[in-house]
Amino acid sequence: MALLDWIAQEPEPRVMGDGIRLRPHRSADFAEWADLRAKSRPFLQPWEPTWPSDDLTRGAWRRRLSAYSQDMERGLAYPFLVFRELDNALVGGITLSNIRRGVAQMGTLGYWVGQPYARQGFTLAAVRAITKFSFERLGLHRLEAACLPTNEPSRGVLLKAGFTQEGLARAYLRINGSWRDHLLFGLVTRAPPGLVREEDVSV
């Protein structure tokens with residue numbers, strides 16, 4: 001329980017965006033999260049890995065939060081839920097993961113949005129917000145993301161957020177039970193050299 005309590009304590013990383021805010025998952029978020037994911041399953045499943053049979057249970061939620069808190073403590077990933085600022089409704093999630101320091105200083109973005117909130121600008125706002133968080137607060141140099149070639153909304157979000165399409169990776173991720181090709185995107189910070197402290201770039 002200590003790890004779950006840690007997530008609910010202050011201070012915790014919070015990120016503000018255009019009409020949205022991001023914060024880490026909390027134990028009390030389970031019911032709203034599970035309800036939104038369940039309602040959105042047919043909408044989300046074509047673009048995501050196959051869901052485990054117990055994915056929406058409280059036991060799986062507790063394991064998820066435990067893993068998330070450990071990753072955040074170690075600086076390996078920052079999983080956030082996305083809330084609409086107007087009424088605090090949960091609209092989706094976004095994760096900065098696979099953070100590499102040393103000479104890389106980069107991370108990978110992944111995101112989802114509940115079907116009732118799709119194509120309303122929330123995902124774009126979340127991507128822009130976490131990009132600023134990654135570059136300005138974490139001192140990262142590069143962000144990467146990927147999407148299925150047929151996922152035009154996701155491709156549009158990345159391009160609008162300033163990412164550049166860099167290539168195609170064959171059989172890149174196992175999505176909905178099948179290995180699928182993905183378009184690869186990258187974004188490099190325009191921050192001036194020297195923003196990252198020398199001690200953060202040790203190898």
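## A hairpin

Asn176 has a positive phi near 50 degrees in the hairpin of strand 7 and strand 8, where two residues lie between the strands. Strands here are DSSP runs of E with at least two residues, and helices are runs of H or I with at least four, both numbered from the N terminus. Strand 7 (residues 164–175) and strand 8 run antiparallel and are joined by eight bridges; Leu168 has Leu183 in strand 8 as its bridge partner.

The model is predicted: local features need pLDDT of at least 70, side-chain atom pairs count only at pLDDT 80 or more, and totals for chains, interfaces and linings use all residues. Residues are numbered from 1 along each chain as its sequence is written, and side-chain values use heavy atoms, with hydrogens and water left out.

Eight strands form an open sheet in the order 1-2-3-4-5-6-8-7, with mixed pairing; two strands pair if DSSP finds at least two bridges between them. Strand 1 (15–16) and strand 7 are at the edges with a single partner strand each, so one side of each has no neighbour in the sheet.

Strand 8 (residues 178–188) also runs antiparallel to strand 6 (residues 142–147), through six bridges. Leu143 stands opposite Leu187 of strand 8.

## Arg21

Arg21 lies in strand 2 (residues 20–23). Its relative accessibility is 19%, so Arg21 counts as buried (under 20% relative accessible area, with a 1.4 Å probe and protein chains only).

Notes:
Buried means under 20% relative accessible area, exposed over 50%, partly exposed in between (1.4 Å probe, protein chains only).
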